[in-house]
Amino acid sequence: MFRISLYRRKMNKKSMAFWFLIELIAGLAAAFILTQIASDYAKGTIFLKTKIARDLAIEVNTLYAVSGDVYLQYPQNLSDYRVEFDEKTDIVKVYKEIDPLKPSYPYVGEHIDYLKDFKVDFLEFNKENNKIIFEK
Amino acid sequence: MEEPPATSKVVAYIVFGFIFSGFCILLFFIISKETISIADIPKGLEEYVFIQRFLSSQDCFAYQDKETLRIYPGIIDLEKFKQERLEDKEENKCYKIEKGTNAPNFRLIIGNKKIQTTNDFESIKKKNTIKKSILIFKEGKFENAGLEIQYETK
């Protein structure tokens, strides 16, 4: 502390302004890098999880809009994620093993063979007699 | 040059705290906005899918031949066109909105018969209306009719 005080005493106004400018540039650069990392993160994993959750909810809704029996395999490999269809809230959640962010999306469907928190490579929907059954 | 007093340091930390918190909130806002906009469902798709359900599902209002059990998508059985099929009841397999979810509300009108997913439909601000010409099955006969669908938009 004593050394720093002495150093500051020796500094003139020009050098102080120079260091202030350096600090300002460093601060702005750090803010820019952080924003970029956050933005990339948002476009990557969170985006994919959100997209899958919405996609699965729309698929459930679409299956009910089709009369007759339907078999459908979801084309995206879901082996990196866990999928959860919540019976109480009618919400589908997609997340990783340890994940603070669990993107979710609501669907409207009463006749589902619910599977809680499952992990599959390719999710298969099987609609028979207007009831959706998930094949593992 | 004198050392700044301790009180000014505290003030500086408080100011920094406010700026830092503001920056974090801004960052969170950017992330969530970016995510939502990229993975957005095309406008009107969700409502279209639900309307198709009302017209095509045997659990909703689609006419089903009692002998062959064949379902006729697009033809509405007026006997099935009842308020109970849109209400929050255990036996409802057509369209039951769970509390706390933001699934869109609907109101369907055929002639003077009106059914809706919520009693509070009038208070919904963002709504859209579509009208369709359909076939209805009424008292053993097929008839032409008009179906008006009002739905909540996001």
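1. Let's start with how chain A is connected: among its contacts (heavy atoms within 4.5 Å) with a separation of 6 or more, 58% are between residues 24 or more positions apart. Please keep in mind that this is a predicted model, in which local features need pLDDT of at least 70, side-chain atom pairs count only at pLDDT 80 or more, and totals for chains, interfaces and linings use all residues. Residues are numbered from 1 along each chain as its sequence is written, chains are lettered from A and ligands numbered from 1 in the order in which they are written, and side-chain values use heavy atoms, with hydrogens and water left out.

2. Next, the layout of chain A. There are two helices and seven strands, where helices (H or I, at least four residues) and strands (E, at least two) are DSSP runs numbered from the N terminus. Read from the N terminus on, the order is α-α-β-β-β-β-β-β-β. Of the 136 residues in chain A, 38% are buried; buried means under 20% relative accessible area, exposed over 50%, and partly exposed in between (1.4 Å probe, protein chains only). The accessible surface of chain A is about 8100 Å², and carbon and sulfur atoms hold 59% of that. Such areas come from the Shrake-Rupley method with a 1.4 Å probe, and for residues only the protein chains shown count as cover.

3. A surface feature of chain A is worth a look. A:Phe20, A:Leu21, A:Leu24, A:Ile25 and A:Leu28 make up a nonpolar patch with about 530 Å² of accessible area together. Patch members have over 30% relative accessible area and no salt bridge, with nonpolar side chains (Val, Leu, Ile, Met, Phe, Trp, Tyr) joined within 5 Å and like charges within 9 Å. A salt bridge here is a side-chain nitrogen of Lys or Arg within 4 Å of a carboxyl oxygen of Asp or Glu.

4. Now over to chain B and its helix H2. H2(B) is mostly covered, with nine of its 12 residues buried; among them are B:Val49, B:Phe50 and B:Ile51.

5. Which residues does B:Glu46 touch, not counting residues up to four places away in sequence? They are A:Ile58, A:Asn61, A:Tyr105, A:Pro106 and B:Lys154.

6. There is one disulfide over all chains, a disulfide being a pair of cysteine sulfur atoms within 2.5 Å. B:Cys60 and B:Cys94 form it, with their sulfur atoms 2.1 Å apart. B:Cys60 lies in the loop between H2 and strand E1 (62-64) of chain B, and B:Cys94 in the loop between strand E2 (71-77) and strand E3 (106-110), so the pair ties together parts 34 residues apart in sequence. The torsion about the S-S bond is about 100 degrees, so the disulfide is right-handed. B:Cys60 is buried at 0% relative accessible area, and B:Cys94 is buried at 2%.

7. Finally, some backbone angles to check. Most residues other than glycine have a negative phi. A:Asn129, not a glycine, has a positive phi of about 50 degrees; A:Asn129 sits in the loop between strand E6 (124-128) and strand E7 (131-135) of chain A and is exposed, at 66%. B:Glu139 also has a positive phi, near 50 degrees. B:Glu139 is in the loop between strand E5 (127-138) and strand E6 (141-152) of chain B and is exposed at 73% relative accessibility.
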